[in-house]
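Please open the structure in your viewer and keep the selection tool at hand.

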2 protein chains.
Amino acid sequence: MIDFLTQCRAIVGDAYVLDAPADMAPFLTDWRGRFTGKALAVLRPGSVEQVAALVRACVSQQVALVPQGGNTGLVLGSVPDASGAQVVLSLARLNSIRQIDPVNRTMTVDAGCILQQIQEAAAAEGCLFPLSLAAEGSCTIGGNLSTNAGGTAVLRYGNTRELCLGLEVVTPQGEVWSGLRGLRKDNTGYDLRDLFIGAEGTLGIITGAVLKLYPQPKASITALAALPSPAAAQQLLVLMQDYCGSSLTGFELMSRYCLELVAEQFPQLPKPFVTPHAHYVLLELSSSESERHAVGLLEQAIGAALERDVINDAVVATSVAQSADLWQLREHIPLAQAKAGKNIKHDISLPVSRIADFIAVTGPQLDAAFPGCQLVCFGHLGDGNLHYNVAPPVGISNEDFLANQEKVNRVVHDSVVSFGGSISAEHGIGALKRDELAHYKSTVELNMMRAIKAALDPLGIMNPGKIL
Amino acid sequence: MIDFLTQCRAIVGDAYVLDAPADMAPFLTDWRGRFTGKALAVLRPGSVEQVAALVRACVSQQVALVPQGGNTGLVLGSVPDASGAQVVLSLARLNSIRQIDPVNRTMTVDAGCILQQIQEAAAAEGCLFPLSLAAEGSCTIGGNLSTNAGGTAVLRYGNTRELCLGLEVVTPQGEVWSGLRGLRKDNTGYDLRDLFIGAEGTLGIITGAVLKLYPQPKASITALAALPSPAAAQQLLVLMQDYCGSSLTGFELMSRYCLELVAEQFPQLPKPFVTPHAHYVLLELSSSESERHAVGLLEQAIGAALERDVINDAVVATSVAQSADLWQLREHIPLAQAKAGKNIKHDISLPVSRIADFIAVTGPQLDAAFPGCQLVCFGHLGDGNLHYNVAPPVGISNEDFLANQEKVNRVVHDSVVSFGGSISAEHGIGALKRDELAHYKSTVELNMMRAIKAALDPLGIMNPGKIL
C-alpha cells in the first residue's frame with residue numbers, strides 16, 4: 001500500500017498524510033470513548049479539489065474511507081473500524097466561510113467550519129443561524145449535515161436538514177457535484193440534497209453547504225413550569241402554541257429525578273421551587289419585537305395554563321439574564337449524569353401525542369425487568385424527542401449495569417416502535433445502531449436504501465459498515 | 001394486451017378500468033390544454049392494496065404507468081404520452097382522511113384527497129394546513145407532494161416538502177413502503193421521503209402521507225406598498241422580516257403592468273392608489289395573538305419603511321375583510337393574463353438578493369431580441385420565486401408570438417442560471433421541461449439522478465419520459 005500513500009502525499013503534501021500512531025490517535029477514538037479503531041492513514045485535504053483527488057486515489061486502489069468532521073458524533077459514525085485498512089478523511093482544514101448574503105439570508109460555508117464559528121459569523125451580520133447543540137464549539141457543519149443534527153432549536157427552526165438550501169458533494173467516483181444553490185424553491189429533479197443530508201458519509205462527502213439564516217429575535221425569555229404528568233406537558237404544548245405560535249422556541253421536559261440529580265451534583269445552581277413536582281417544562285419564547293413583548297406573551301400564556309389547571313406552578317424569567325439561569329438547569333442534566341456514572345442512553349422520538357403513554361407503559365416494563373432501575377427522562381418534548389436514559393438501581397455499579405445494555409435497548413426500542421416512534425431521533429445510526437436499524441426497519445425500506453447505496457457507491461468505499 | 005386488462009379488471013372491478021375513448025378523455029389532456037396523450041386504459045384503484053396489485057400487473061407485462069391526481073399540473077407530468085401503450089393510474093378514489101391528531105399536529109391522508117378537503121378538515125380541528133394554491137379545489141395532495149408544490153404560504157411554512165413528515169409509497173416492484181411516520185425527528189437511514197417528494201411519480205406512487213398542521217393564526221392582515229424598484233422590494237423584505245420575524249407570511253411583488261392588466265380586465269376591483277407606481281408589494285402579516293396585534297405590528301413596520309424611503313406609499317388593511325380585497329388584486333393577475341391571451345410563461349426562482357439585478361438585465365435582453373414585448377412579472381418575492389411571463393408587443397397576435405417560445409425560454413433561462421437561479425421553482429419538470437433540465441443540469445447531477453432511477457425502477461415503468 002506504499003503506492004497509495006505516496007499518491008495521497010502527492011495530492012495533499014507530506015504534512016497532511018498522518019500515519020504515525022501518535023498523530024492518528026485523536027482521529028481514531030469516538031467522542032464518548034467507547035471505541036478506538038485503526039487506520040491506514042489520516043488524510044487532511046485543504047481544498048475540495050484535493051478531496052476529490054483523494055477519493056479518486058481511493059477508487060483506484062479500492063481503499064475505503066471514513067469522512068470525519070469534529071469527531072463529536074455519538075454513534076461511532078466518524079471513526080474507522082478495527083481492520084486498519086480504512087483511511088480517515090478529515091474535513092477540518094476546509095474551514096472558510098465562503099460568503100454571507102444578508103439579503104438572501106444565506107451563508108455559504110466549507111464543511112469543516114465549526115458550528116460556533118458559523119453562529120458567530122451570522123450574528124455579526126445581525127442574523128441568526130439557529131442550529132445549537134452541546135458540541136457546538138467542536139462539531140463541524142459537515143458533520144451536522146451528515147447526521148442531520150437536531151439540538152435545542154428544532155421546535156421553531158427544524159433539524160439541520162431544514163436549515164440547508166444547497167450542498168457541494170464529492171461523489172464516490174471523485175467528482176464534484178456543485179449543488180450550492182441559495183434558493184427557497186427549486187423543483188428541478190430528484191432531491192439529492194436531502195439524500196446526502198443524514199447519510200453519514202456513506203453516499204459521498206459533503207464539502208460545502210448553503211445555510212439558511214433568520215432574523216435575530218429581539219429577546220428570548222424562559223419560564224419553568226411545574227406539572228403533575230407528561231400528559232399535562234402535552235396539553236401545555238398545545239396551549240402554548242395556540243397562544244404564541246412560532247414565538248415558542250423551546251419546550252423541554254425534565255422529570256423530578258433529573259432536577260434532583262442536577263441539585264445533587266451542582267448544588268450551586270438555582271432551585272426555582274421550594275417543594276418538588278413530578279415533572280417540569282422549560283419554556284422559551286422568542287420575540288421579533290421586544291423583551292417586553294416576550295415577557296407579556298409568556299405571562300399571558302402561563303396565566304391561562306394555571307387557570308386551566310394544566311400546570312401546578314411556574315417561574316417566569318423577567319430578563320434575559322434570569323432566562324440563562326433557567327436554561328442552565330436543563331443543560332446540566334447530561335453533565336450531572338456523567339458525574340453520577342455511565343448509564344444506558346436512548347435517543348428516541350415519538351409522536352408528541354404518544355409521549356405520556358410511552359412513559360406510562362415503558363417505565364413499569366423496565367422496572368419489571370430491572371427492579372429499582374432509575375429513569376433519567378428529559379428532552380425536547382416539543383419535537384417528540386426524549387433522551388430516555390436508564391441508570392442502575394441503588395447498590396448496583398454503573399459498570400455492572402451496562403452489561404444489560406442489549407436487554408434494556410430491546411425493552412425501550414420495542415416500546416418506541418410500538419408507539420410509532422424512532423430509535424434514533426437526532427444522533428443517527430453509525431456503527432453503533434446498525435444492527436438495531438436492521439432489526440426494526442422493513443425489508444422494503446432496507447432494500448431501497450441498499451439499492452441507492454449500490455447505485456451511487458458501487459465499490460462500497462464510502463464509510464462502509466455505517467448505517468447499512 | 002387483453003390479458004393485461006383482464007388482470008386489471010380482476011383487481012379493481014370492471015367499472016374501474018376505463019378504456020372507452022369518451023371515458024378516458026378527461027384523464028388524457030393536461031390542465032392548460034396544451035397536450036392530449038393516448039392511453040391503453042385508465043385504472044381507478046380503490047385501495048392501496050389495489051394500487052400495489054396493479055403495479056405488479058404492470059411489472060409482469062412491462063406496461064408503463066402514469067400516476068395521476070387532480071391532473072392540474074402545469075408541466076405535462078400527469079398525462080400519458082402519444083404512444084397509447086401507457087396506462088393512467090388515477091389515485092382519485094383514495095380520498096379518505098385517515099386520522100387527525102391535534103396534539104401531535106398531524107393529519108394522515110390518502111394521496112387522492114383534494115387539497116381544499118384537507119385544509120377544511122384541519123380548520124375543523126382548529127388547525128391550519130398552510131399549503132394554498134390556485135388549484136386547491138381540484139388538485140390532490142398526492143400530486144402536491146409529487147411535484148413539491150409551492151403556493152402562497154412558502155415564505156412562512158415552506159413548500160409541500162416541508163409540510164410532510166411521512167409517506168406511504170407503492171414501489172415500482174408493487175410493494176408497499178409504510179413510511180407513515182408522524183415524527184419531527186427521525187435519523188434512521190436515508191431520507192427516502194424527500195426522494196419521493198418532487199419525483200413526479202417516476203420512482204414510485206405516493207398513496208398516503210402524514211402532513212404537518214399548525215396553530216391557526218388569530219388574524220391575517222395585508223398591506224399594499226408602492227415602491228420605485230425591485231431593489232427597494234428586496235430592502236423592504238429585509239426590513240419587514242427584521243420587524244416581524246415569522247409573522248410575515250406573504251410578500252408578493254407585482255409590476256405596474258400587472259396591476260394595469262388587472263384594472264383593464266376587471267374594472268370592478270379596487271384601485272388602491274390614485275397615481276401609478278413602478279412596483280407594488282402585497283404584504284401579509286399573521287398574528288398568533290390578535291387582529292389588533294397584527295395591524296399594530298404592520299403599521300409600525302410600514303412606518304419605518306416610509307421613514308427610511310424604502311417605499312413611496314402604502315395602504316394598510318384595517319380588517320380581515322379589507323385584506324381579502326387586496327389579495328384579490330394579486331390573485332387576479334393570472335386571470336387577467338388568461339383573458340388578455342396566451343403568453344410565454346416562466347416559473348423561475350433566484351436568490352432573493354439577485355432579483356433586482358436579474359430583472360434589470362433580462363428585460364433589456366428580451367427587448368433587444370423581441371422589441372416591444374411586454375413583461376408580466378409578479379410572484380412570491382419572499383421566496384425568490386417570480387412568474388416571469390412574456391406577452392407579445394402591441395400589434396402581434398398572441399398565437400404568432402408563441403412561435404418564439406424556445407428562443408424566449410433560452411434568453412430567460414440562460415439569465416436565470418447566470419444568476420444562480422432555477423428554471424422550475426414550483427411547477428416541476430414533467431415532459432414539458434425535460435429537455436431544458438438536460439440542457440442546464442450538470443452531468444454529475446444527471447448521472448446521479450439516472451443511477452437512482454435505474455436502481456429503484458429498473459424496468460423503467462414509472463412515468464417514463466418525465467423529468468429524465
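Begin with chain B and select its four strands that form an open sheet in the order 1-2-4-3, with mixed pairing. Strands (E, at least two residues) and helices (H or I, at least four) are DSSP runs numbered from the N terminus, and two strands pair if DSSP finds at least two bridges between them. In general, strands of a sheet pair through backbone hydrogen bonds, either parallel or antiparallel. Strand 1 (17-18) and strand 3 (65-68) of chain B are the edge strands, each pairing on one side only.

Before going further, note that this is a predicted model, in which local features need pLDDT of at least 70 and side-chain atom pairs count only at pLDDT 80 or more, while totals for chains, interfaces and linings use all residues. Residues are numbered from 1 along each chain as its sequence is written, chains are lettered from A and ligands numbered from 1 in the order in which they are written, and side-chain values use heavy atoms, with hydrogens and water left out.

Next, select strand 1 and strand 2 (residues 41-43) of chain B, which run antiparallel and are joined by two bridges. Within this pair, Val17(B) lies opposite Leu43(B) of strand 2.

Move on to another sheet of chain B. Seven strands form an open, antiparallel sheet in the order 15-12-14-13-17-18-16. Strand 15 (313-316) and strand 16 (347-349) of chain B stand at the edges with a single partner strand each, so one side of each has no neighbour in the sheet. From one strand to the next, the twist averages 20 degrees. Select strand 13 (residues 248-255) and strand 14 (residues 279-287) of chain B, which pair over seven bridges in the antiparallel sense. Met254(B) is found opposite Tyr280(B) in strand 14 of chain B.

Now display both chains. Which residues of chain B lose the most area to chain A? The two chains bury about 6500 Å² between them, 56% of it on carbon and sulfur atoms; buried area is the accessible area (1.4 Å probe) that two parts lose on being put together, summed over both. In chain B, Lys185(B), Asn187(B) and Tyr190(B) lose the most, together 16% of what that side buries. The contact involves 83 residues from chain B and 83 residues from chain A.

Finally, select Lys185(B) and Asp383(A), which form a salt bridge with the closest N and O atoms 3.4 Å apart. A salt bridge is a side-chain nitrogen of Lys or Arg within 4 Å of a carboxyl oxygen of Asp or Glu. Across this interface the rule finds 10 salt bridges. Another to display joins Arg161(A) and Asp191(B), at 2.9 Å from N to O.

Methods
Axes are lines fitted to C-alpha atoms, for helices over the stretch in contact, and angles run from 0 to 180 degrees between N-to-C directions. Contact means heavy atoms within 4.5 Å.
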